[in-house]
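Biologist: I'm new to this one. Could you walk me through how to read it, feature by feature?

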2 protein chains.
Amino acid sequence: MSQIKQLVLASNNAGKLAELSDMLAPSHIEVLPQSAFDISDADETGLSFVENAILKARHAARISGLPALADDSGLAVDALGGAPGIYSARYAGEHGNDAANNAKLLQALDGIEHRSAQFVCALALVRHADDPLPIICEGLWRGQILTTARGDNGFGYDPLFQPDGMTCASAELSKAQKNAVSHRALALKALVARLGT
Amino acid sequence: MSQIKQLVLASNNAGKLAELSDMLAPSHIEVLPQSAFDISDADETGLSFVENAILKARHAARISGLPALADDSGLAVDALGGAPGIYSARYAGEHGNDAANNAKLLQALDGIEHRSAQFVCALALVRHADDPLPIICEGLWRGQILTTARGDNGFGYDPLFQPDGMTCASAELSKAQKNAVSHRALALKALVARLGT
């Protein structure tokens, strides 16, 4: 994979773009935003983070003609059989938001003692749309679901997630602290290791 | 995943079943053959080993009602853009065989000096058909494609594959030697590590 010089990130999230560009700098890979191309949203028809990440990467590569990297991530709660999982962003409905999703999660776990969960990030990198060997890296960040929201940083379920080994919610971590240990950081580190420097 | 006590192996290959049962013995997981159920072949519509392994595992889990493990594996030759890849078994056509596949590969690489390649094995384990968190493990075994076939052991492209660090073809390795270092062994070791013992 060392021949890759440029790739498109199949995301409109500026934060992800900056984080990824920084981590791939030693690999001398230029990360281009999806907005540089007319890339519509891919149909996320997969049943897992990995399948959706591959679908999104193939879609971006098909439209841009360049190698493409996509991520798919979310929260999987053990007592809920892995829910909200790939539906994390729309757990409370298509027009829901972080607050509604968090409220629904608290309700689903009301009275449940076993509150272990994990944030999952799947990354898929394809050299071209039909690449037979996508590079796939996953990062898992384990923790417990709190009974009340804490902290204002981060996004999504961060106020309800207490990482294992910590005494605070992930929404109480600074961006730098979170980016050093999160599921996305772990997946990116694995990707950088696979790409070589 | 430690709660898994039984799983179906989505394969009719007795060798794979034996190897997997041995490796999963410390995890106290009983491996059942696909033949114990009326499991038809899954449609392998994916574009990569990983996607096909997930498809096969979901299919076996759907029919058996049990957790299921599937593998998809093959040879990816760098100078051929990853071919024969997911088409390794039918490279020379639906009715081809190992000899025809090997002959076609030699012809495709005729006169080509850069002969690096890798055997790839993707394993996918799902707890149920719609499992949102399949466990995916890959094993890569790198080497070079020889200019003439060597050895009678193994199967598939083993007579043409010289593993990096070795001076023989993989078809000249004993079964035990191959099973200690092959792409499938590496993927299985990663799986066992993920499952815990």
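Biologist: Is Asp72(A) buried or exposed?

Modeller: Accessibility decides: buried is under 20% relative accessible area, exposed over 50%, and partly exposed in between (1.4 Å probe, protein chains only). Asp72(A) counts as buried because its relative accessibility is 6%. Keep in mind that this is a predicted model, where local features need pLDDT of at least 70 and side-chain atom pairs count only at pLDDT 80 or more, while totals for chains, interfaces and linings use all residues. Side-chain values use heavy atoms, with hydrogens and water left out, residues are numbered from 1 along each chain as its sequence is written, and chains are lettered from A and ligands numbered from 1 in the order in which they are written.

Biologist: Where does Asp72(A) sit in the chain?

Modeller: Strands (E, at least two residues) and helices (H or I, at least four) are DSSP runs, numbered from the N terminus. Asp72(A) lies in strand β3 (residues 68-77) of chain A.

Biologist: Which residues does Asp72(A) touch?

Modeller: Contact means heavy atoms within 4.5 Å. Leaving out residues up to four places away in sequence, the neighbours of Asp72(A) include Glu44(A), Phe49(A), Lys56(A) and Val120(A).

Biologist: And which side chain makes a polar contact with that of Asp72(A)?

Modeller: That takes a pair of N or O atoms within 3.5 Å; within protein, one must be able to donate a hydrogen and the other to accept it, and residues adjacent in sequence count only if both atoms are side-chain atoms. Here the partner is the side chain of Lys56(A), at 3.0 Å.

Biologist: What does UniProt place at Asp72(A)?

Modeller: UniProt positions use the numbering here, with shortened feature names, and annotations may be inferred rather than shown by experiment. The unreviewed entry gives "binding site" at Asp43(A) and Asp72(A). These are spread over 30 residues of sequence yet cluster in space, with a largest C-alpha distance of 12.6 Å.

Biologist: Is Asp43(A) buried or exposed?

Modeller: Asp43(A) counts as exposed, because its relative accessibility is 62%. Its place is the loop between β2 (30-33) and α2 (49-64) of chain A.

Biologist: Now chain B: in what order do the strands of its open sheet run?

Modeller: Strands of a sheet pair through backbone hydrogen bonds, either parallel or antiparallel. Two strands pair if DSSP finds at least two bridges between them. In chain B, six strands follow the order β2-β1-β3-β4-β5-β6, with mixed pairing. The edges are β2 (30-33) and β6 (161-163) of chain B, each pairing on one side only.

Biologist: How many bridges link β3 and β4 of chain B?

Modeller: There are 10 bridges, in the antiparallel sense. Ala70(B), for instance, has Ala124(B) as its bridge partner.
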